[in-house]
Amino acid sequence: MSKPSTAIQPLSTGQRVRISEFAENPLEGVEKNLSLEDQTAPDTSTLGPRDVIINVKSAAVGWVDLLMSSGQYQHMPPLPYTPGLEYSGEIVWTGKDINDRQAKVGDRVLVDGFVAGPRSPGEYQQYGGFASYAVAPIEAIRTIPDGFSFDQACNLLGSYETAYHCLIACGQLQKGETVLIHGASGATGLAAVHIAKIMGATVIATGRSDEKLSIVKEQGADHVINCRAPDGEKGVKQFRQEVKALTGGRGVDVVYDGVGGDISLESMRCVTFGARFLVVGWASTPFVAKGKGQRGAPNANMLPTNLIMMKGLKVMGCPTVISTQHDASIRPERLKQIMAWVESGQLKPYISHTFPLARVKEALKAKWTGDIIGGCVVHPPEL
């Protein structure tokens, strides 16, 4: 028997972010097409019996949120929409077909971005986490792990699922191997450091800031390399000799490349024969695709086939979301393992910056310029 819908009453007026149209590039999108507006609580008469309303407490600020604003991400939500792929908060209303064992008002929850939010494939794409209220189906609701804050909860699934899919499902990383992780201070990069260390690998992490790399080392990296090019030079510095010295001349077994561009070429000179090269992203060259949601990649990155051949490299594209959409059966195993690591205390997201929702533009620009280490969060106003 279904129960009456329940809610905390009354639901106050809050705020939300809206993207009105796709821009030529993310910075233009943030400046011109992003607005902050008042948000009334969702009209429960328009919601389904298995829906919940969440009072958002924390929402992760991700690289994908930026790319989506210019339509340069592979998934484009219908306009207008509210950004914020991953968020957490408290349930303030439940539909009549949801029993208390599934969810109840007052529960602390995180929302699965594969099932609800701007990157989801269904009817919940307009409800992102940059808002006081969001709507999600009960299938998207997960209880926040014991000991986790709202900030940590909204930085859990996306980054660690990406790192797991790339390093383990694709890269087959083994205990005792050495992995070179680029962009190690970023959200997925730092998650990769954490998972690689849990797996018993040796981690060589790269970045362009000694200050940020010192935190990456505190977070578990065995070695760090600042790959910033010398003053006046373009690209990255040559770091092959450093990597070879750290590996006794052998080179690394796995490259985790979420940066792309010049660093990819230098990395291919740092590997042992038969290494696995994991293409995770291209943060250093974000404009491979056309802006304003146009399709095509006129500025696509190129990799040298001669080095790939002579090194016997196994080059793998590792798109976590697309791979899971093609084969949903790959997800339960990684979720089970990630949550086991969380419950054992081995895995905990690192968040370097938090902003009130009123400063969302500042938060997105900080993400764009690389000021963030690990996770970044915006907090909607308290209701």
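## Close-up views of a predicted model

Of the 383 residues of the protein, 54% count as buried (buried is under 20% relative accessible area, exposed is over 50% and partly exposed lies in between, with a 1.4 Å probe and protein chains only). This is a predicted model, in which local features need pLDDT of at least 70 and side-chain atom pairs count only at pLDDT 80 or more, while totals for chains, interfaces and linings use all residues. Residues are numbered from 1 along each chain as its sequence is written, and side-chain values use heavy atoms, with hydrogens and water left out.

**View 1. The whole chain, before we zoom in.** The secondary structure comes to 12 helices and 16 strands (DSSP runs numbered from the N terminus, with helices being H or I of at least four residues and strands being E of at least two). The radius of gyration is 21 Å, close to the 21 Å that the globule rule gives for 383 residues, so the protein is as compact as a globular protein of that length (the radius is taken over C-alpha atoms, and the rule is 2.2 Å times the number of residues to the power 0.38). Along the principal axes, the C-alpha atoms fill a box of roughly 65 × 45 × 35 Å. Among contacts between residues at least 6 apart in sequence, 72% join residues at least 24 apart (contact means heavy atoms within 4.5 Å).

View 2. Leaving aside neighbours within four places in sequence, V378 is in contact with K57, S58, A59, V61, F130, F355, L357, V360 and A363. In soluble globular proteins, nonpolar side chains tend to be buried together.

**View 3. Helix α12 and the glycine after it.** Within α12, V360, A363, L364, A366, K367 and W368 are buried. G370 follows α12 and has a positive phi, near 80°.

**View 4. K212, a buried lysine.** K212 sits in helix α6 (residues 210-218). Which side chain of opposite charge is nearest to K212? It is D371, 6.0 Å away, and K212 is buried yet has no salt bridge (a salt bridge is a side-chain nitrogen of Lys or Arg within 4 Å of a carboxyl oxygen of Asp or Glu; Lys and Arg count as positive and Asp and Glu as negative, with His and the chain ends not counted). Not counting residues up to four places away in sequence, K212 touches S185, G370, I372 and I373.

View 5. The peptide bond from L79 to P80 is cis, with omega near -15°, and P80 is found in the loop between α2 and β5. Q172 has a positive phi of about 50° although it is not a glycine. Q172 lies in the loop between α4 (157-170) and β9 (178-181) and is partly exposed, with a relative accessible area of 45%. K292, another non-glycine, has a positive phi of about 60°. The loop that holds K292 runs between β13 (271-279) and α9 (305-310), and K292 is partly exposed at a relative accessible area of 48%.

View 6. T272 is found in strand β13 and is buried, with a relative accessible area of 13%. Setting aside residues up to four places away in sequence, T272 touches R250, G251, V252, D253 and K311. S35 belongs to strand β3 (residues 34-39) and counts as partly exposed at 33% relative accessibility.
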